Amino acid sequence: MDREQILKLHRQWTGIRMYRDDFRVYPYGQEKDDWLGLDREALMARGYLLNKIQLVGQVDISRSANPGLVDQTNREGLRETQEQQAMLRIVQFSIQDQLRNAMRRAETKYKAKRARPVEAKTEIARLETRAQKAISNLRSVTTNQERETIEELQQTLLELTELAKILRERNAEVEGDAKLMQDMAGIGLLVEIVAHELARTSEHALERIREIRSTATSDEVVTGLDGLAASMKSIHKRLRILDPLSVSGRQAPETFSLTQLISETLEDHQTQFDRHGIHLKYEPPKNRFTTKTVKGYVVQIFENLLANSVYWLSLEKEKSPLFKPQISVRIVGSPTRIIFSDNGPGIDPEHKDRIFDMFFSLKESKKRRGLGLYIARANAIAAGGSLELQEEPINDFGRLNTFEYCISEHT
């Protein structure tokens, strides 16, 4: 057919119609009828990606299979019943959620990438405030002997704040140059990532100190802060790399006991596991694995995996009180790997690679940042290793729940 014939057919059939036993149910699918609210959703989404004029389709129902879908007395549509509302939401979900997301993924995959400056100023300021508040709270619950680590944290935050200020000034200077704007946007995004990690680490330290303060000795508090110190050392060196005019900082590989590091980290989280009723399945390997790599990276990667598991396991526990959450950790060799899994809801195979994308998250909106796994994989790659979500095993829901962190040794 030629273009005019196609347009004629499109005008004739456009929209989503409804048929009961092959007979048309009106007014669904008529020209002025938007019974699925597609046009309203398209306008609210600030982009006419998906609206009723772009669709040709139909919903088939029958008197025998759908007895709850009955006509109004004037034959103008269906009565508002629970069945009618359920049918409406199912069709809306299929189009507005699943189809729209599929279109967006296709657009992202096939459409030519265009540079888009990232406006990170507001977000960086918010994260700086959050981190500063956490540091102040840390000071209020620590002793004088523990202040050295806190002061190192404060100094790192000050350097980050100053760096963000410099980057914003440079961003303003090159506002008229598109390529430089793109470069600065990338640097600004890295600042935001580090700010997020800084805030998360300090908040975790505060939570940990509050947990053990009531029963622990001062020595245990110092031990709890060791993980914070390792993370801050890594973040501090990464800050220098962000400034393109400075001498790039280097993460120094060191030889350490991986078995001891993982055991101590898990022991540090035991109170948190107990609070959420999480059973830890971990047996330190008889072969005490010693590795030479960037210790700070290993800490950050493992902490991010733990944080994700605790979030989803605690959420599942709230929904199903009889659920018994479990985290499993194994260290294996040839090459050295950490196998990390839990028995939570798991990840849809469709999202196997997307979970490592920047800002992609399936968490509720208030807790959604979408940087944890992105940072974890970036750190693994930076140290010459890898972080992957394994395709096997698949849990009872047909979803994936096992990560493999492969550690590359430095010579």
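The charged end of Arg 377 sits over the ring of Phe 356, 3.8 Å from the ring's centre. For that label, NZ of Lys or CZ of Arg has to be within 6 Å of the ring centre and within 35 degrees of the ring normal. Keep in mind that this is a predicted model, where local features need pLDDT of at least 70, side-chain atom pairs count only at pLDDT 80 or more, and totals for chains, interfaces and linings use all residues. Residues are numbered from 1 along each chain as its sequence is written, and side-chain values use heavy atoms, with hydrogens and water left out.

**Ring pairs**
- Rings of Phe, Tyr and Trp (its six-membered ring) pair if their centres lie within 6.5 Å, with planes under 30 degrees apart called stacked, over 60 edge-to-face and the rest tilted.
- That rule gives four aromatic pairs.
- One of them is tilted, because the rings of Tyr 28 and Trp 35 have planes at 55°, with centres 4.8 Å apart.
- Tyr 28 is buried at 8% relative accessibility (buried is under 20% relative accessible area, exposed over 50%, partly exposed in between, using a 1.4 Å probe and protein chains only).
- Trp 35 is buried too, at 15%.
- Phe 302 and Phe 340 make an edge-to-face pair, since their planes are at 90°, and their centres are 5.9 Å apart.
- Phe 302 is in helix H10 and Phe 340 in strand E8, 38 residues apart (helices, H or I, at least four residues, and strands, E, at least two, are DSSP runs numbered from the N terminus).

**Around Leu 389**
- Leu 389 lies in strand E9 and is buried, at 1% relative accessibility.
- Beyond neighbours within four places in sequence, its contacts (heavy atoms within 4.5 Å) include Phe 356 and Phe 403.
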